[in-house]
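Here is a short briefing on one protein chain. Look at the sequence and the structure first, then read the points below.

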Amino acid sequence: KYVSLNSSEPLNSFLESNQKVETGFKILESVPKAFVVDPKFVDLYCAFCLKEGKTSRCSKCKYVKYCS
């Protein structure tokens with residue numbers, strides 16, 4: 001076990017190494033459960049796949065954009 005989960009507040013948790021870790025050694029890998037496009041990039045990226053390119057505005061909310 002390389003790391004331990006610590007927290008100073010309920011929404012401020014962090015991982016802390018229990019031993020020396022070499023540069024470039026992967027100690028954690030996770031898949032996001034959710035994501036959202038930053039408002040300043042909403043016109044550039046698909047809200048579903050996050051690919052940059054040609055997108056169309058959602059017909060219901062008129063805000064987010066999708067590539068297909």
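Buried residues make up 10% of the 68 residues in the protein chain. Buried means under 20% relative accessible area, exposed means over 50%, and partly exposed lies in between, with a 1.4 Å probe and protein chains only. The model is predicted: local features need pLDDT of at least 70, side-chain atom pairs count only at pLDDT 80 or more, and totals for chains, interfaces and linings use all residues. Residues are numbered from 1 along each chain as its sequence is written, and side-chain values use heavy atoms, leaving out hydrogens and water.

**Overall shape**

- The protein chain has four strands and zero helices. Helices (H or I, at least four residues) and strands (E, at least two) are DSSP runs, numbered from the N terminus.
- From the N terminus on, the elements run β-β-β-β.
- The radius of gyration of the protein chain is 18 Å, whereas a compact globule of 68 residues would have one near 11 Å. This radius is taken over C-alpha atoms, and the globule rule is 2.2 Å times the number of residues to the power 0.38.
- The C-alpha trace spans about 50 × 30 × 20 Å along its principal axes.
- Take the contacts between residues at least 6 apart in sequence: 4% of them join residues at least 24 apart. Contact means heavy atoms within 4.5 Å.

**Surface**

- The accessible surface of the protein chain is about 6,400 Å², and 55% of it belongs to carbon and sulfur atoms. Areas come from the Shrake-Rupley method with a 1.4 Å probe; for residues, only the protein chains shown count as cover.
- Tyr2, Leu5, Leu15, Phe25, Ile27 and Leu28 make a nonpolar surface patch of about 590 Å². Patches are made of residues with over 30% relative accessible area and no salt bridge; like charges are joined within 9 Å, and nonpolar side chains (Val, Leu, Ile, Met, Phe, Trp, Tyr) within 5 Å.
- Leucine 28 sits in the loop between strand 2 (12-17) and strand 3 (56-57). Leucine 28 counts as exposed because its relative accessibility is 55%.

**Salt bridges**

- Side chains of opposite charge can pair when their charged atoms come close.
- How many salt bridges are there? The count is three, where a salt bridge is a side-chain nitrogen of Lys or Arg within 4 Å of a carboxyl oxygen of Asp or Glu.
- Glutamate 29 pairs with lysine 26, with the closest N and O atoms 3.5 Å apart. Both glutamate 29 and lysine 26 are exposed.
- Aspartate 43 pairs with arginine 57, with the closest N and O atoms 3.6 Å apart. That pair links distant parts of the chain, 14 residues apart: aspartate 43 in the loop between strand 2 and strand 3, arginine 57 in strand 3.
- Aspartate 43 also forms a salt bridge with lysine 65, at 3.4 Å between the closest N and O atoms. Lysine 65 is in strand 4 (residues 65-66), 22 residues from aspartate 43.
- Lysine 65 counts as buried because its relative accessibility is 14%. Aspartate 43, at 45%, counts as partly exposed.

**Aromatic pair**

- The whole structure holds one aromatic pair. Phenylalanine 41 and tyrosine 45 form this edge-to-face pair, at 6.1 Å centre to centre and 80° between the planes.
- Rings of Phe, Tyr and Trp (its six-membered ring) pair if their centres lie within 6.5 Å; planes under 30 degrees apart count as stacked, over 60 as edge-to-face and the rest as tilted.
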